[in-house]
Amino acid sequence: MTESQLKSKCKKWYQTEYKNNYILLPEQYIKTGDPDMVICHDGLFVAIEFKLEYNKPSKLQALKLKHIQESGGYAFVCYSFRQFKEIIKSIK
């Protein structure tokens, strides 16, 4: 599975399970280091960076995820569809 396929699968699942929430994949106008997915999940700001296998976020991506967390949002690096579902279900 490619990173693009993983993002697509996660987006489709999220839109099916959480119809009243907002999800955005800002790939067309993303700035370097911005997360791959932004969600307003039950009023909470959630940012997700997708990576495959053992790839790690770049220093800039890690810095932006940290900034989101320090700003009161949720920020994650996600490696699989299963992990994505676990992340979403854990946010309260």
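I take buried to mean under 20% relative accessible area, exposed over 50%, and partly exposed in between (1.4 Å probe, protein chains only). The model is predicted, so I keep local features only at pLDDT of at least 70 and side-chain atom pairs only at pLDDT 80 or more, while totals for chains, interfaces and linings use all residues. Residues are numbered from 1 along each chain as its sequence is written, and side-chain values use heavy atoms, with hydrogens and water left out.

**Entry 1. H41**

I looked up H41 and found it in strand β2. Helices (H or I, at least four residues) and strands (E, at least two) are DSSP runs, numbered from the N terminus. Is H41 buried or exposed? H41 counts as buried because its relative accessibility is 2%. I then listed contacts, meaning heavy atoms within 4.5 Å. Leaving aside neighbours within four places in sequence, H41 is in contact with Y14, Y18, N21, V46, I88 and I91. The side chains of H41 and Y14 make a polar contact at 2.7 Å. A polar contact is a pair of N or O atoms within 3.5 Å; within protein, one must be able to donate a hydrogen and the other to accept it, and residues adjacent in sequence count only if both atoms are side-chain atoms.

**Entry 2. The sheet**

I traced the strands next. They form an open sheet of four, in the order β1-β2-β3-β4, with mixed pairing. The edge strands are β1 (22-24) and β4 (74-78), each pairing on one side only. From one strand to the next the twist averages 20°. For angles, axes are lines fitted to C-alpha atoms, for helices over the stretch in contact, and values run from 0 to 180 degrees between N-to-C directions.

Two strands pair if DSSP finds at least two bridges between them. Strands of a sheet pair through backbone hydrogen bonds, either parallel or antiparallel. I noted each pair in turn:

- β1 and β2 are antiparallel over three bridges, and I23 has I39 in β2 as its bridge partner.
- β2 and β3 are antiparallel over five bridges, and I39 has V46 in β3 as its bridge partner.
- β3 and β4 are parallel over five bridges, and A47 stands opposite A75 in β4.

Why do I call β3 largely enclosed by the rest of the structure? Five of its seven residues are buried.

**Entry 3. Helices on the sheet**

I checked what lies against the strands. Helix α1 lies across β1, β2, β3 and β4, running at about 15° to β2. Helix α2 (residues 59-70) also packs on the sheet, touching β3 and β4, and its direction makes about 145° with that of β4.

**Entry 4. The nonpolar core**

A nonpolar core is a set of buried Ala, Val, Leu, Ile, Met, Phe, Trp, Tyr and Cys residues joined through side-chain atoms within 4.5 Å. The largest one here has 17 residues, and those with the most contacts inside it are M37, I39, I48, F50, F84 and I88. Two or more residues come from each of α1 (3-17), β2 (37-41), β3 (44-50) and α3 (81-90).

**Entry 5. Cysteines**

How many disulfides does the structure hold? I found zero disulfides, a disulfide being a pair of cysteine sulfur atoms within 2.5 Å. The sulfur of C78 is 5.2 Å from the closest cysteine sulfur, in C10, which is too far for a bond. For C40 the closest cysteine sulfur is also in C10, at 18 Å, again too far for a bond. C78 is buried at 0% relative accessible area, whereas C40 is partly exposed at 36%.

**Entry 6. Loops and turns**

D34 lies in the loop between β1 and β2 and is partly exposed at 22% relative accessibility. Not counting residues up to four places away in sequence, D34 touches E49 and K64. A polar contact of 2.9 Å joins the side chains of D34 and K64.

Most residues other than glycine have a negative phi. D42, in the turn of the hairpin formed by β2 and β3, has a positive phi of about 50°, and D42 is exposed at 56% relative accessible area. E53 also has a positive phi of about 50° although it is not a glycine. I found E53 in the loop between β3 and α2, exposed at 67% relative accessibility.
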